[in-house]
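Subject: Structure handover and notes on side-chain contacts

Dear colleague,

I am passing the structure below on to you, together with some notes on what was found in it. Please read the notes with the structure open beside them.

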Amino acid sequence: MTDESYIKLTLEIARKGKGKVSPNPLVGAILVKDDKIIGAGYHEYYGGNHAEINAFNNAKKSIEGSTLYVNLEPCSHFGQTPPCVESIIKYKVKRVVIGTLDMNPLVSGNGAKILIQAGIEVKVGVLEKECVALNKFFFKFITKNSPYITIKAAQTLDGKIADSNGDSKWISSVNSRRFVHNLRNEYDAVLIGSTTVKKDDPSLTVRFVEGRNPKRIILDSDLKLNLKHKLFVNNFDGNLILATAKKSCLKERKINALKAKGVNIIFIKEQKDGTLNLRDLLEQLGKLNIASLLVEGGRKIYTSFIKENHFDEILIFISPKLMGSGIPVIGRLGYSSIRKTLRLNIKSVEKIGDDVLLELVK
């Protein structure tokens, strides 16, 4: 097998850590000796052993003289666990093949440098594009201290996300909803506005697939939501975050009632128009170690995030239905003509059930 083939395997096993390792990266490691895999491992959960250490622990024969394949540069600093480069040197690994360097400016290139200085042959940049894509959440978070943001919307063929009464159940197919539940498992948090809570009374949990529930974030600038909604009643895991305006700190009775239900309240600066300052929101979410954010609605939220350029990609599920009148997916963005519009690139197109999924990037 080639170096590319082994790095491809590290990517496959690294994906097993999705939804479990954040804000750490997804990493897989494989040990090869005499053209045979003698050990493999991946980063299984946050705070646990790194992939390299699990590969060493799972090795079926002597590691000395072997080649280590890993999709991300081995760490060279003390974090939750000791530096992996020390173990690589200790076990006398002969060669290390790395998919991509760590983008953390504090450590990038240090791991590879230490290994080279120890006399170990190092090769960097094998399937680099694929390795970077796998850890897009981690790289955005570690370089910007802000979560990777995906806007997700389901719309009719003529661009409506709900009828004139605000009813949106169900525009997308069961297959698409299952896909979204799998996304929720992979993202640290999902976000909606207070209008969506009032209209849909969602749970924002993972139900159609096996996985863990993400943190749920509600934007409610005036603390007007009724605490009888499912998100408050079923907050058994304490992972509900409510973002409100700083002036809401005066509403002590409501705040105490929210805290009694285990709600984490964060106070956000306001903009001139009275809406919450999204930049301040994202900074605070970053401090909470939220490395990835799935924005699920509704129209005002979509419009604000897009208008203020707070997104990395957009996923749009297009259902083959025509509604005519109804609520459009996006409101005013401030563009006055067709020549002055926000131009996006189509990264992929996929048919899911009866729907079409468009993946759009800047």
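K123 counts as partly exposed, at 33% relative accessibility, where buried means under 20% relative accessible area, exposed means over 50% and partly exposed lies in between, computed with a 1.4 Å probe on protein chains only. Please bear in mind that this is a predicted model, in which local features need pLDDT of at least 70 and side-chain atom pairs count only at pLDDT 80 or more, while totals for chains, interfaces and linings use all residues. Residues are numbered from 1 along each chain as its sequence is written, and side-chain values use heavy atoms, with hydrogens and water left out.

K123 forms a salt bridge with D3, the closest N and O atoms being 2.9 Å apart; the term stands for a side-chain nitrogen of Lys or Arg within 4 Å of a carboxyl oxygen of Asp or Glu. Because K123 lies in strand β5 (residues 121-124) and D3 in helix α1, this pair ties together parts that are 120 residues apart in sequence; helices (H or I, at least four residues) and strands (E, at least two) are DSSP runs, numbered from the N terminus.

D3 also forms a salt bridge with R95, with 2.7 Å between the closest N and O atoms. Here R95 lies in strand β4 (residues 95-100) and D3 in helix α1 (residues 3-14), so the pair ties together parts that are 92 residues apart in sequence. R95 counts as buried at 17% relative accessibility, and D3 is buried as well, with a relative accessible area of 11%. D3, R95, E121 and K123 are linked in a network of salt bridges, and the count of salt bridges comes to 13.

Turning to the rings, the count comes to 6 aromatic pairs, for which rings of Phe, Tyr and Trp (its six-membered ring) must have their centres within 6.5 Å, planes under 30 degrees apart counting as stacked, over 60 as edge-to-face and the rest as tilted. One of them is the tilted pair of F56 and Y91, at 4.8 Å centre to centre and with 40 degrees between the planes. F56 lies in helix α2 (residues 51-57) and Y91 in the loop between α3 (84-90) and β4, so this pair ties together parts that are 35 residues apart in sequence. F56 is buried, with a relative accessible area of 5%, whereas Y91 is partly exposed at 29%.

F137, Y148 and Y187 form one aromatic cluster, and both F137 and Y148 are buried.

Best regards
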